[in-house]
Amino acid sequence: MTYDYDVLYIGGGHAAHDGAAPLSASGQRVAVVERDLMGGTCTNYGCNAKITLDEAVKLTRERARVGQIVDGPLTMNWAQSQAHKRAVIDPQPQELIDKLTSHGATVITGSARFKDAHTVTIDGTREVTAEKIVIATGLVPHRLAIPGSELAHDSRDFLDLDHLPAHLTIVGSGYISLEFATIANAAGAAVTILLHGDTVLRHFYQPYVQLVVADLKRRGVTFIANANVQAFTRDQPGYGVDYGDHQHLTTDWILDATGRVPHLNDLGLETVGVQFDRHGITVNDHLQTTVPNIYAAGDVIASDQPKLTPTATFESKYLTQLFTGQTSAPIDFPVIPSVVFTSPRIAQAGVTVNDAQQRGLTITHNDLETYWYYRIDREPLVKSTQIHDAQGHLVGVTEVSDQAPDVINTLLPAIEFQFSRDQINRLVGLFPTMGYAAWHRA
C-alpha cells in the first residue's frame with residue numbers, strides 16, 4: 001500500500017519536531033499534526049515562557065543582595081515582563097513551522113484521531129495515512145474533581161495574565177506551584193500555597209527544598225499543609241477556597257497546580273488497540289506501542305524517565321535514528337538532569353542522596369556560602385552534595401543556588417561518561433567562572 005507519508009507525528013512539541021526535522025531532511029516523507037501552537041507546552045506556555053518571566057526575578061534578587069555597590073531600587077514590572085515574554089515567545093511557533101517546512105516536512109493544523117493503524121482523520125473531515133505514526137501529544141493540566149473546579153485556572157492562564165492579582169492561591173506542591181509562587185511573590189502579589197500533604201517538591205533533596213521553602217516564607221508566601229481542598233466558590237469580591245475542617249480562604253485568583261496528566265482524550269487509541277493507562281501509553285524499549293507501526297515519545301508515554309523536555313528531545317532523536325536505520329538497538333537513556341526554577345534554584349543529576357544512602361556510596365556535603373565565587377553576588381543559600389562510587393567516580397550531584405543549573409550542566413559529562421580522577425584533573429576550565437569552580441570541587 002502507498003501511504004501519504006512515511007512518518008506522521010501527532011503533536012508538535014519537542015517529542016515531535018526535534019526528530020521530525022532531521023528525519024524529513026534525510027529524505028523521508030514526514031508530516032506533523034498540531035491542533036494548537038507548534039512547539040507545544042514547553043515552547044509556548046511552559047518552560048520557555050516561565051524562564052522568560054523569571055528573568056525579572058533573577059535581576060531583583062541579585063539587586064537586593066548586592067546592596068550599595070549598585071544605586072537605586074529595582075522592582076519587577078509585571079506588564080513589561082509580560083510584554084517581554086510575548087516578544088520572545090510569540091515568534092517561536094512560526095519559527096518552528098519554518099524549520100520543519102524548510103527541511104521538507106508538512107505541517108497540518110488540526111486534531112488527529114485514529115481511524116485505523118495507518119490512518120488518522122483531521123478534525124473529523126480529512127483522512128491522512130502513514131506507514132508509521134508517532135504519538136507525541138504530551139501532558140495536559142490535571143483538574144481537581146471538586147465543586148467549583150471551573151473557577152480555577154491552569155499554568156497557561158497564569159503565564160498569560162495581563163494584570164497580576166493582588167492575592168493568588170495555588171493548590172499543589174510541585175514544579176509549577178513553587179516556580180509560579182516565586183514569580184508572583186517577586187512581582188508583589190500575596191501568595192498562599194495549599195498542599196495536599198506536607199511535602200514539597202518530593203523528587204528533590206528535602207533539606208535543600210526546606211531551605212527554599214523557608215526563604216519563600218520569609219518573603220511572605222504562606223504554606224498550608226494537609227489542606228484537603230474541598231471546593232472553590234465565587235465570593236464577593238473574588239473567590240473562595242473551602243479546605244481543612246470547615247475553613248475558608250478568600251482570594252483574587254486560584255491556580256490549580258495539582259499536576260499534569262497524559263493527553264490521550266479523543267485520539268481513538270481504543271479503536272486501534274494501543275494500550276494505555278492513567279500513567280500514559282505503554283511502549284517497549286524501542287518506544288513501540290502495542291501496535292507495531294505506532295510509536296510514542298515524550299511525556300505521553302508511561303515511563304520511569306523524568307517527564308522533561310530533554311527526555312522528549314532524546315526520545316524524538318532516537319526515533320529518527322531508528323527510522324533511518326542508523327540504529328536498531330533499544331533506546332539507552334543518558335543521565336537526565338532536573339531543575340526547579342525557584343530562587344535559588346535546586347538542580348540535580350545522577351544518583352540521588354536517598355539512593356546513595358541505601359547503596360552505601362560516598363556522600364559529601366559542601367556549604368559554599370564562603371566560597372569566594374558565590375560571594376561576588378552575595379548568594380545566601382549555596383549548598384552542594386556530591387556522590388562518588390567506590391572507584392571515586394562522580395555519580396550524582398545536587399545543588400541549591402542561583403548557579404545550580406550551570407553547575408549541573410558542567411558536571412554532567414563526568415557523571416554520564418564516568419570520568420576518572422585523572423580525566424577530571426585534565427579539564428582546565430575558564431577562570432574565573434562557575435564552570436571552573438564546579439570542576440574544582442568535583
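Asp266 lies in the loop between strand E15 (260-262) and helix H9 (269-272); helices (H or I, at least four residues) and strands (E, at least two) are DSSP runs, numbered from the N terminus. The model is predicted, so local features need pLDDT of at least 70 and side-chain atom pairs count only at pLDDT 80 or more, while totals for chains, interfaces and linings use all residues. Residues are numbered from 1 along each chain as its sequence is written, and side-chain values use heavy atoms, with hydrogens and water left out.

**Backbone features**

- Asp266 has a positive phi near 65° although this residue is not glycine.
- Asp266 counts as exposed because its relative accessibility is 62%; the classes are buried under 20% relative accessible area, exposed over 50% and partly exposed in between (1.4 Å probe, protein chains only).
- Asn226, another non-glycine residue, has a positive phi of about 50° and is found in the loop between strand E10 (222-224) and E11.
- Asn226 is partly exposed, with a relative accessible area of 49%.
- The peptide bond from Gln236 to Pro237 is cis, with omega near -5°, and Pro237 sits in the loop between strand E11 (231-234) and strand E12 (239-243).
- Phe431 and Pro432 are also joined by a cis peptide bond, with omega of about 0°; Pro432 is in the loop between helix H13 (421-425) and helix H14 (434-440).

**Nonpolar cores**

- In soluble globular proteins, nonpolar side chains tend to be buried together.
- A nonpolar core is here a set of buried Ala, Val, Leu, Ile, Met, Phe, Trp, Tyr and Cys residues joined through side-chain atoms within 4.5 Å.
- The largest nonpolar core has 49 residues, and those with the most contacts inside it are Tyr9, Phe114, Val120, Ile135, Leu319 and Phe323.
- Apart from this core lies another, of 46 residues, among them Met76, Ile89, Leu161 and Tyr205.

**Aromatic pairs**

- The structure holds twelve aromatic pairs, defined for rings of Phe, Tyr and Trp (its six-membered ring) with centres within 6.5 Å; planes under 30 degrees apart count as stacked, over 60 as edge-to-face and the rest as tilted.
- One of the pairs, Tyr205 and Tyr208, is edge-to-face, at 4.8 Å centre to centre and 80° between the planes.
- Tyr205 counts as buried at 15% relative accessibility, and Tyr208 is buried with a relative accessible area of 4%.
- The rings of Tyr295 and Phe323 have centres 5.0 Å apart and planes at 75°, so this pair is edge-to-face.
- The pair of Tyr295, in strand E18 (residues 294-296), and Phe323, in helix H10 (residues 309-323), links distant parts of the chain, 28 residues apart.
- Both Tyr295 and Phe323 are buried.
- Trp78, Phe158, Phe180 and Trp253 form one aromatic cluster.

**Surroundings of Phe333**

- Phe333 lies in the loop between H10 and strand E19 (338-340) and is partly exposed, with a relative accessible area of 23%.
- Not counting residues up to four places away in sequence, Phe333 touches Gln305, Thr311, Phe314 and Glu315, where contact means heavy atoms within 4.5 Å.
- Phe333 and Ile254 are 79 residues apart in sequence and 38 Å apart in space, C-alpha to C-alpha.
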